[in-house]
Amino acid sequence: GPGAYADQVVRVLDANNVKLRGAGVVRLAGLTTPTRGLPDCFTYSPSSHIRQLLPPKSQVDVDILDKNRAVITPIARKAGAGAGAGPGASVNEQLVGGGW
């Protein structure tokens, strides 16, 4: 959005919350994913997926919507780097597209 600004990931707290250097703890807007209680057969959880998309120190664009709900978009390091929903796709969109 027009209010988006650059920030840096400190760490992913769980499947819904990310700690950023500038904005602090923000909740991924439009998502409510399970953070615990998944059966053992689920080796690929939403939080592990977010950790792959947002490793510590990665650069992101952040668009704070309200009450610390945010849309977070990784800034591509190099053309063709990473395998997501395509360049410019927010983490929020990639999780929804992945069925979370």
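In the predicted model, strand β1 (residues 5–12) and strand β4 (residues 59–66) run antiparallel and are joined by four bridges. Strands are taken as DSSP runs of E with at least two residues, helices as runs of H or I with at least four, both numbered from the N terminus; two strands count as paired if DSSP finds at least two bridges between them. Across this pair, Tyr-5 stands opposite Val-62 of β4. On pairing with strand β5 (residues 69–74), β4 is again antiparallel, here over six bridges. Asp-61 has Thr-73 in β5 as its bridge partner, and Asp-63 stands opposite Val-71 in β5. The two strands β4 and β5 form a hairpin with two residues between them, and Lys-67 in the turn has a positive phi of about 45°. In a regular strand the side chains alternate between the two faces of the sheet.

The pairings belong to a barrel that five strands close in the order β1-β2-β3-β5-β4, with mixed pairing. From one strand to the next, the twist averages 60°, where axes are lines fitted to C-alpha atoms (for helices, over the stretch in contact) and angles between N-to-C directions run from 0 to 180 degrees. The protein chain has two helices and five strands, and its elements follow the order β-β-β-α-β-β-α from the N terminus on.

Residues are numbered from 1 along each chain as its sequence is written. Local features of this predicted model need pLDDT of at least 70 and side-chain atom pairs count only at pLDDT 80 or more, while totals for chains, interfaces and linings use all residues; side-chain values use heavy atoms, with hydrogens and water left out.

Helix α1 (residues 46–53) has Pro-46, Ser-47, His-49, Ile-50 and Leu-53 buried, that is, under 20% relative accessible area, with exposed meaning over 50% and partly exposed in between (1.4 Å probe, protein chains only). These residues lie on the same side of α1 because they cover an arc of only 155° around the axis, the arc being that of the directions from the helix axis to the C-beta atoms.

The loop between α1 and β4 contains Lys-57. This residue has a positive phi of about 75° although it is not a glycine, and Lys-57 counts as exposed because its relative accessibility is 63%. The backbone oxygen of Lys-57 is reached at 3.3 Å by the side chain of Gln-8, a residue of strand β1. Leaving aside residues up to four places away in sequence, Gln-8 touches Lys-19, Leu-20, Arg-21, Lys-57, Ser-58, Gln-59 and Val-60; contact means heavy atoms within 4.5 Å.

Asp-66 lies in strand β4 and, at 38% relative accessibility, counts as partly exposed. The C-alpha atoms of Asp-66 and Ala-29 are separated by 9.1 Å, with the two residues 37 residues apart along the chain. Over the protein chain, residues 24 or more positions apart account for 49% of the contacts with a separation of 6 or more.

Of the 100 residues in the protein chain, 34% are buried. The chain exposes about 6000 Å², of which carbon and sulfur atoms supply 53%; accessible areas come from the Shrake-Rupley method with a 1.4 Å probe, and for residues only the protein chains shown count as cover.

How values were computed: Polar contact = N/O pair within 3.5 Å; in protein donor to acceptor, adjacent residues only side chain to side chain.
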